[in-house]
Amino acid sequence: MDECIFCKIVKGDIPCAQVYADEKIIAFLDIAPISKGHTLIIPKVHYENLWEVPEDLGNDILRAMQKIGNGILKATGAQGLNVVMNNFPAAGQVIPHAHWHLIPRFKGDGLFKIVQGKYDSNDEIMALADKIKNNI
Ligand code: AMP
Ligand code: ZN
């Protein structure tokens with residue numbers, strides 16, 4: 001993956017404001033932060049999206065999120081933290097190297113709220129739940 005920006009960061013070809021690194025993972029501040037302390041966690045190996053990430057690495061990423069998330073909360077004084085992963089362009093994925101956004105949140109920051117839809121009819125919800133269940 002020669003042209004991947006995040007692979008270049010892993011190799012050290014592009015600088016980053018690194019906050020964490022281990023054998024499999026690095027984390028660095030987002031160059032265009034949504035809030036102060038907005039951090040990206042990426043695997044060192046190039047996987048494009050959630051489904052390519054191997055299970056054991058998924059565990060390591062979860063642990064790293066907990067550790068790094070703690071550091072972000074302490075360092076920024078944030079009262080909350082969103083973890084966001086964009087998969088595929090329709091979901092806003094711009095860089096096709098799997099990554100998780102850690103976004104510190106402050107009371108009343110008015111940034112965004114993931115759950116802000118309208119109530120759907122019970123029949124539709126139950127039918128869709130069945131459809132998804134049958135596709136898992
Ligand atoms: P996504 O839309 O989920 O693919 O997010 C890509 C993120 O990478 C955006 O929030 C960008 O601001 C961030 N980004 C792009 N280039 C760099 C870079 N060189 N260093 C740090 N963050 C970057
Ligand atoms: Zn890459």
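What is the geometry of the site of the zinc ion (ligand 2)? In this predicted model, the angles among the four donor atoms run from 104 to 117°, and the site is tetrahedral. The donors are the SG atoms of Cys4 and Cys7 together with the ND1 atoms of His46 and His97, at 2.0 to 2.3 Å. Along the chain, these donors follow the spacing C-x2-C-x38-H-x50-H. Cys4 belongs to the segment before α1 (5–11), whereas His97 sits in the loop between β4 (80–84) and β5 (100–105), so this pair ties together parts that are 93 residues apart in sequence. Both Cys4 and His97 are buried. Cys7 also counts as buried, because its relative accessibility is 11% and the cut-off is under 20%.

The cysteines raise the matter of disulfides. A disulfide is a covalent bond between the sulfur atoms of two cysteines. With a pair of cysteine sulfur atoms required to lie within 2.5 Å, the count comes to zero disulfides. For Cys16, the closest cysteine sulfur is that of Cys4, at 13 Å, which is too far for a bond. Cys16 has 29% relative accessibility and therefore counts as partly exposed.

The next topic is ligand 1. This ligand is surrounded by 15 residues, of which the closest are Asp30, Gly92, Val94, His99 and His101. Among the elements of secondary structure, α1 and β2 (25–29) each supply at least two residues of the shell. A polar side-chain atom of Asp30 is placed 2.5 Å from an oxygen atom of ligand 1. Gly92 contributes a backbone N or O atom at 2.7 Å from an oxygen atom of the ligand. Ile31 likewise contributes a backbone N or O atom, in this case 3.1 Å from a nitrogen atom of ligand 1. On its own, ligand 1 has 510 Å² of accessible area, and the protein covers 82% of that area.

The side chain of Asn87 reaches the backbone nitrogen of Leu50 at 3.0 Å. Is Asn87 buried or exposed? Its relative accessible area is 14%, so Asn87 is buried.

Conventions
Residues are numbered from 1 along each chain as its sequence is written. Chains are lettered from A and ligands numbered from 1 in the order in which they are written. This is a predicted model: local features need pLDDT of at least 70, side-chain atom pairs count only at pLDDT 80 or more; totals for chains, interfaces and linings use all residues. Side-chain values use heavy atoms; hydrogens and water are left out. Donors are N, O and S atoms within 2.8 Å of the metal (3.2 Å for Na, K and Ca); water is not among the atoms, so sites may look incomplete. Four donors count as tetrahedral if all angles lie between 85 and 135 degrees; four count as square planar and six as octahedral if opposite donors are over 155 degrees apart and all others between 65 and 115; anything else is irregular. Helices (H or I, at least four residues) and strands (E, at least two) are DSSP runs, numbered from the N terminus. Buried means under 20% relative accessible area, exposed over 50%, partly exposed in between (1.4 Å probe, protein chains only). A residue is near a molecule or strand if one of its heavy atoms lies within 4 Å of it. A polar contact is a pair of N or O atoms within 3.5 Å; within protein, one must be able to donate a hydrogen and the other to accept it, and residues adjacent in sequence count only if both atoms are side-chain atoms. Accessible areas come from the Shrake-Rupley method with a 1.4 Å probe; for residues, only the protein chains shown count as cover.
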